[in-house]
Amino acid sequence: TIRDIFEKHYYELIELPIYEYYQDIEYTFSEDMKSKMYRMVDRDTGKMIALRPDMTSLLAKLVKIKKDEMNHPERLYYMGKVFRYEKIKAGIYREIKQAGIELIGEDKVKADIEVLSMAVEILKKLGVKNPKIEIGDVRIFNAVFEKLGLNRDQVWELKEVINRKDI
């Protein structure tokens with residue numbers, strides 16, 4: 001299972017709350033994600049609570065709070081359900097299973113290699129034959145375009161060629 005792969009690589013499960021007070025988490029989400037949150041009033045406190053629409057942002061909030069207590073590198077994983085209010089249509093679900101890993105405090109290149117190799121391992125375990133991961137970072141392309149001195153039209157044309165993979 002995915003959990004087995006995470007644990008084989010020494011990632012530790014972190015349990016994140018299913019709901020929190022809205023005022024404590026709203027800053028961690030985009031306006032779009034906030035519009036998809038299930039919100040209700042806590043009968044005891046009268047405060048607004050929200051079901052988690054995503055776990056990555058909640059983990060980032062937790063890491064920010066506990067960063068001084070963490071050992072580096074810190075390998076964490078999460079698994080669970082998230083809840084998003086969206087219009088019902090084919091392929092759209094309001095209750096979604098989410099899993100992810102975070103490698104904190106490791107050299108960026110080493111961390112990227114580790115996370116990507118685990119992604120390939122998981123895809124193979126799930127039966128995907130010859131998994132392929134494409135990596136793109138717009139900052140790299142923009143730096144190259146700037147160095148080449150390309151004008152706006154040339155940049156757009158080159159981006160289209162790259163997107164079509166017609167090089």
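**Salt bridges, a sheet and a helix**

Biologist: Are Arg75 and Glu114 buried or exposed?
Modeller: This is a predicted model, in which local features need pLDDT of at least 70 and side-chain atom pairs count only at pLDDT 80 or more, while totals for chains, interfaces and linings use all residues. Residues are numbered from 1 along each chain as its sequence is written, and side-chain values use heavy atoms, leaving out hydrogens and water. Buried means under 20% relative accessible area, exposed over 50% and partly exposed in between, with a 1.4 Å probe and protein chains only. By that rule, Arg75 and Glu114 are both buried.

Biologist: How far apart are N and O where the side chains of Arg75 and Glu114 meet?
Modeller: They meet in a salt bridge, which takes a side-chain nitrogen of Lys or Arg within 4 Å of a carboxyl oxygen of Asp or Glu. For Arg75 and Glu114, the N to O distance is 2.8 Å.

Biologist: Why does that pair tie together separate parts of the sequence?
Modeller: Helices (H or I, at least four residues) and strands (E, at least two) are DSSP runs, numbered from the N terminus. Arg75 is in strand β5, while Glu114 is in helix α5 (residues 108–125), so the parts they join are 39 residues apart in sequence.

Biologist: Which residue meets Glu20 in a salt bridge?
Modeller: Here the N to O distance is 2.9 Å. Glu20 belongs to strand β2 and its partner to helix α4, 41 residues apart. Both are buried, and the partner is Lys61.

Biologist: Which residue forms a salt bridge with Lys81?
Modeller: The closest N and O atoms are 2.7 Å apart. Lys81 sits in strand β5 and its partner in strand β6, 14 residues apart. Lys81 counts as partly exposed because its relative accessibility is 36%. The partner is also partly exposed, at 44%, and its name is Glu95.

Biologist: Which residue in β4 stands opposite Tyr21?
Modeller: Strand β4 covers residues 48–51 and is joined to β2 by 3 bridges. Opposite Tyr21 stands Ile49.

Biologist: What is Ile18 in contact with, leaving aside neighbours within four places in sequence?
Modeller: Ile18 lies in the loop between β1 and β2, and it counts as partly exposed because its relative accessibility is 45%. Contact means heavy atoms within 4.5 Å. On that basis, Ile18 touches Ala50, Leu51, Arg52 and Phe83.

Biologist: What do the buried residues of α4 pack against?
Modeller: Helix α4 spans residues 56–66, and its buried residues are Ser57, Leu58, Leu59, Lys61 and Val63. Lys66 is in this helix too, but it counts as partly exposed because its relative accessibility is 37%. The buried ones pack against β2, α2, β5 and β6.

Technical notes. Two strands pair if DSSP finds at least two bridges between them.
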